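Below is a short report on one protein model with a ligand. Please look over the sequence and the structure first.

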Amino acid sequence: GAVRRFPPGFMFGVASAAYQVEGGWDADGKGESMWDRSIHKRPDLISDGTSGDVSTDSYHNYKRDVEMLRELGVDFYRFSISWPRVFPDGFTNNKNEAGFQYYNNLIDELLKYNIEPMITMYHFDLPQKLQDLGGWANPLSILWFEDYARNLLERYGSKVKYWITFNQPNGICMEGYGDGTMAPFVSVKGIAEYICVKNVLLAHARVWKMFNEKYRVKNKGSLGISIAVNWLDPLNNATENVQATDEYREFTIGLYVNPIFSKTGDFPQVVKDIIARNSKEQGFRKSRLPVLTSDEISAIRGSADFLAMNHYTTSLVSRPKKNNHPSPSFEHDANVKLTYSKHWAVAKSPWLRSAPYGLYKALIYLNLKYDYPYIIITENGWSTDPGLDDTQRVDNLRSYLNALLLAIEDGAEVSGYAAWSLMDNFEWTAGLSERFGLYEVDFDAAEKTRTPRKSAFVYKEIIASRIVDEAF
Ligand code: GCO
């Protein structure tokens with residue numbers, strides 16, 4: 001069939017995150033993160049009873065990881081820094097040099113082979129000491145994060161071009177402090193998650209300002225923020241479903257994208273209206289959604305060089321008739337029902353379906369609605385059972401890359417793509433039961449042996465040829 005070619009300069013990569021791959025949870029002076037604490041206290045939170053204590057042991061195997069990156073031929077590696085590995089208590093007065101040295105070694109190893117490091121400063125593993133003080137629900141977290149980030153930029157800013165402040169504020173806030181399905185497993189629905197969102201956005205904006213004023217000059221680097229943009233389509237044309245889809249997009253995408261990447265800034269109007277109305281009905285004197293002052297809005301607006309987009313799947317949205325009125329305190333999820341087309345392949349993860357057209361639509365939607373210099377897709381992938389013959393992952397990869405190229409043809413500005421993930425790793429509360437790796441990891445072996453799956457060979461070929469076949 002016809003082939004589509006990636007534009008010149010397009011960057012290919014793979015992604016991982018510290019708690020999911022590093023292991024060495026207390027090695028060489030590392031402090032405790034809120035994931036360490038949560039799982040050690042309550043192993044039952046994880047479906048297969050595993051933890052990230054050892055995982056793939058990248059803390060000791062980073063040279064093998066870089067070897068795999070060279071095998072694949074990627075241009076960049078997106079990984080995250082574990083805050084408690086470099087600052088065991090979170091505060092920057094107590095520094096763990098061994099932790100800094102680990103990331104320094106990894107960065108140098110990547111640069112030696114011309115692989116650009118792309119560093120996520122925060123991917124869910126807050127130092128437990130900071131969580132003891134309220135974590136992201138405490139407005140002081142803005143200052144803690146700014147201090148931490150300054151130290152990372154001081155140390156690595158001259159070598160690292162690509163920076164991402166936060167991975168998925170919706171995961172940090174909705175799941176961490178609202179639903180309580182991710183660390184710190186706090187559930188203060190309708191309140192804590194919105195406080196968290198405001199703090200995370202302000203922390204991000206502070207770091208961008210610092211980067212822009214001081215650290216960018218060293219190497220013309222770029223700094224962005226990773227936002228989960230899964231696609232949502234109405235189940236059908238019924239007015240209530242179309243409206244529910246619109247609202248749900250604003251609650252899951254607009255809440256984060258609008259303050260940073262729109263001309264007006266601020267939270268989306270419909271989100272403000274719904275939360276204000278519900279709060280009033282519940283007898284609150286003010287909206288449960290914190291206000292962004294005009295100074296805060298201008299600090300946040302435009303505070304990114306690129307939009308880092310994590311995209312996995314698509315859902316069909318409907319609003320159950322009897323529940324037409326948004327439920328009072330759970331605005332962000334309780335008043336919609338999500339389903340999938342039966343034609344979409346199902347991954348090992350129950351929420352993950354293959355619907356590549358959704359990537360196309362999400363990119364076009366962002367392009368029409370928001371204002372940003374460019375996008376890097378920082379996560380997209382597929383989960384399976386163990387096994388080297390991962391044909392489903394191969395199909396998913398090809399079809400999503402094809403959808404991406406179609407969107408680029410139609411005006412989306414996307415300059416890079418990272419597959420999630422380099423290798424199997426600790427998939428949060430699903431433990432080791434959902435395998436996302438291009439490389440399989442043998443978790444029973446002391447060496448945590450990594451073996452390329454079929455998808456690793458296919459991705460390597462795509463990167464080398466810069467072509468995807470239209471048949472997929
Ligand atoms: C994230 C994600 C990743 C997951 C991946 C597969 O927040 O970036 O949670 O860490 O492993 O999305 O579910």
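In which loop does Pro-184 lie? Pro-184 lies in the loop between helix 8 (169–178) and helix 9 (192–219). Helices (H or I, at least four residues) and strands (E, at least two) are DSSP runs, numbered from the N terminus.

## Basis of the model

This is a predicted model, in which local features need pLDDT of at least 70, side-chain atom pairs count only at pLDDT 80 or more, and totals for chains, interfaces and linings use all residues. Residues are numbered from 1 along each chain as its sequence is written, and side-chain values use heavy atoms, with hydrogens and water left out.

Pro-184 is joined to Ala-183 by a cis peptide bond, with omega about 10°. Phe-185 is found in the loop between helix 8 and helix 9. Phe-185 has a positive phi near 55° and is not a glycine. Ser-421 sits in the loop between strand 12 (414–420) and strand 13 (439–441).

Asn-114 also has a positive phi, about 60°, although it is not a glycine. Its place is the loop between helix 5 (97–112) and strand 4. Asn-114 counts as exposed because its relative accessibility is 69% (exposed means over 50% relative accessible area, buried under 20%, partly exposed in between, with a 1.4 Å probe and protein chains only). Most residues other than glycine have a negative phi, and most peptide bonds are trans.

## Strand 5 and its partners

Strand 5 (residues 162–167) has six of its six residues buried, so it is largely enclosed by the rest of the structure. Strand 4 (residues 116–122) pairs with strand 5 in the parallel sense over four bridges (two strands pair if DSSP finds at least two bridges between them). Here Thr-120 stands opposite Ile-164 of strand 5.

Strand 6 (residues 222–228) also runs parallel to strand 5, joined by four bridges. Ser-222 in strand 6 is the bridge partner of Tyr-162.

## The ligand site

The ligand is surrounded by 13 residues, each with a heavy atom within 4 Å of it. The closest are Gln-20, Asn-167, Tyr-312, Glu-379 and Glu-427.

Polar contacts are pairs of N or O atoms within 3.5 Å. A polar side-chain atom of Gln-20 lies 2.8 Å from a ligand oxygen atom. For the side chain of Tyr-312, the distance from an N or O atom to a ligand oxygen atom is 2.9 Å. For Gln-168, it is 3.1 Å. The protein covers 94% of the 330 Å² of accessible area that the ligand has on its own (Shrake-Rupley method, 1.4 Å probe).

Notes. A polar contact is a pair of N or O atoms within 3.5 Å; within protein, one must be able to donate a hydrogen and the other to accept it, and residues adjacent in sequence count only if both atoms are side-chain atoms.
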